[in-house]
Amino acid sequence: MFDRDGKSWDPGAKRIFRIRGGSYGGGKSWGLSDDSRIEIKIKISKRPQWKRFWKGDTIGFFRNWLYFRSSEWMQNPEDRTKDSRVFILSGSKHAFASDNTLLVNTDHRNSTAHGGLSSLRGKKQRSGCNLFQGRWVFDASYPFYDTSSCPFIDGEFNCGKRPDKQFLKYSWQPASCSIPRFDGAAFLRRWRGKRVMFVGDSLSLNMWESLGCMIHASVPKAKYTFLKRTPLSTITFQEYGVTLYLYRTPYIVDIAREKVGRVLNLGAIEGGANAWKNMDVLVFNSWHWWTHKGNSQGWDYIRDGSSLVRDMNRLDAFYKGLSTWGRWVDQNVDTTKTKVFFQGISPTHYEGREWNEPRKSCTGQMQPLGGSNYPSGQPASAGVVSKVLGAMKARVSLLDITTLSQLRKDAHPSTYGGDGGNDCSHWCLPGLPDTWNQLLYAALSM
């Protein structure tokens with residue numbers, strides 16, 4: 001193997017890739033022009049560094065470390081660690097490595113996912129691009145679809161009667177890179193014959209309908225079937241054999257009918273678990289219903305081990321229930337075959353004091369908060385999610401949507417949703433869940 005100057009490379013290299021013709025191993029295009037450069041950020045021990053490569057350069061990947069011509073790096077054997085990470089960018093557009101184009105020969109079971117995905121055992125990304133740290137920017141190319149053109153939108157998410165439309169014109173911009181624009185046709189080709197399931201509450205419904213709409217907008221003439229039932233609903237794009245499932249279970253753990261009434265069993269997860277098996281992608285979500293009280297509470301008693309109680313600290317209950325879910329995933333899901341995500345905590349905007357407008361809610365809000373941080377910080381429930389993921393053995397990725405969603409106080413149905421009232425919990429479609437799915441699309445493209 002030779003570099004572009006004709007000099008030979010160490011034949012001991014396990015993998016050598018040449019950047020040429022705008023493509024990489026497998027013949028898939030990066031879309032590089034003649035003057036494009038590739039920037040690779042490498043985490044060597046705890047020292048992330050940048051190095052540029054031009055089209056035509058050859059990069060060799062050894063057993064568990066990277067080498068390239070004219071490099072003074074990695075001369076120290078202590079730097080040849082299994083912990084190296086490689087992120088590839090072309091200009092400002094992120095080119096994610098997929099499973100069959102991964103450029104580092106390491107064990108990735110407990111590594112942090114590419115592109116800044118907060119993932120695996122609850123750890124935060126410490127190098128490269130964090131997709132979930134950034135800001136909202138005006139983007140005239142949005143939205144991805146119109147309310148009237150999508151056949152899957154529930155009335156509660158339909159904001160077609162909302163007079164202001166500016167809330168539709170924002171895209172999420174990570175601080176140090178860009179995310180790929182969603183391509184529904186490419187999604188269907190990549191996941192041909194596969195099954196994607198969302199498991200959770202009405203926020204899962206929000207995200208499921210959004211993904212169906214985004215795909216439908218990309219291939220409007222493609223035949224589909226749409227079946228909505230309780231607890232299992234489906235959208236199938238027939239010629240591709242791709243099915244999007246929704247399994248409604250607000251607590252994930254079971255609610256059983258007993259003599260005393262409805263019992264939320266923090267240690268049982270049998271009610272729908274068989275339906276979740278053998279999927280290609282699983283996206284779980286829960287929290288929204290754990291806070292409900294009074295008539296909207298979904299249970300009468302809580303079973304915590306051998307104890308049956310009328311109530312308990314809701315965060316403690318959430319932690320115990322989510323830990324049961326974590327054990328179920330560890331024992332029942334082969335994450336080498338199934339990609340597993342936790343959707344993250346979707347915030348509400350009923351209390352304006354959280355963003356320094358104490359007398360306001362989401363009603364009448366017309367633009368996002370500026371900057372990258374939410375004044376009141378993340379909710380305690382997000383910490384519970386991180387703690388549970390941190391205790392898991394399986395590879396589960398966190399779609400860390402909380403902060404970017406907190407900034408969107410303008411994106412709720414408010415009084416314009418079909419259910420009436422003032423809804424500051426769910427999200428308009430088109431709207432914010434489209435960004436959640438764009439981030440999911442990026443993660444699935446790695």
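This is a predicted model: local features need pLDDT of at least 70, side-chain atom pairs count only at pLDDT 80 or more; totals for chains, interfaces and linings use all residues.
Residues are numbered from 1 along each chain as its sequence is written, and side-chain values use heavy atoms, with hydrogens and water left out.

Let's start with the cysteines. A disulfide is a covalent bond between the sulfur atoms of two cysteines; here, a pair of cysteine sulfur atoms counts if they lie within 2.5 Å. Searching the whole structure turns up 3 disulfides.

Take C150 and C213, whose sulfurs sit 1.9 Å apart. The link is left-handed, with -80° about the S-S bond. (Helices, H or I runs of at least four residues, and strands, E runs of at least two, come from DSSP and are numbered from the N terminus.) C150 and C213 are both buried, and buried means under 20% relative accessible area, with exposed over 50% and partly exposed in between, using a 1.4 Å probe and protein chains only.

Now look at C159 and C428, joined with an S to S distance of 2.0 Å. Here the angle about the S-S bond is -85°, which is again a left-handed link. C159 is in the loop between strand 10 and strand 11, and C428 is in the loop between helix 6 (402-406) and helix 7 (432-444), so the pair bridges parts that are 269 residues apart in sequence. Are these two buried or exposed? C159 is buried, at a relative accessible area of 4%, and C428 is buried too, at 0%.

That leaves C362 and C424, also a disulfide, at 2.0 Å from S to S. With -80° about the S-S bond, this link is left-handed. C362 lies in the loop between strand 21 (339-342) and helix 5 (380-391), and C424 in the loop between helix 6 and helix 7, so parts that are 62 residues apart in sequence get tied together. Both C362 and C424 are buried.

On to the rings. Rings of Phe, Tyr and Trp (its six-membered ring) pair if their centres lie within 6.5 Å; planes under 30 degrees apart are stacked, over 60 edge-to-face, and the rest tilted. The whole structure holds 17 aromatic pairs. In one of them, Y247 and W276 have ring centres 6.0 Å apart and planes at 80°, so they are edge-to-face. Y247 is in strand 15 (residues 242-248) and W276 in helix 3 (residues 273-276), 29 residues apart, so to speak distant parts of the chain. Ring pairs also link Y247, W276, F284, W325, W328 and F342 into a cluster.

Some rings have a charge over them (NZ of Lys or CZ of Arg within 6 Å of the ring centre and within 35 degrees of the ring normal). K387 lies over the face of Y319, at 4.6 Å from the ring centre, and R408 lies over W136, also at 4.6 Å.

Finally, find Q365 in the loop between strand 21 and helix 5. Q365 counts as buried, at 8% relative accessibility.
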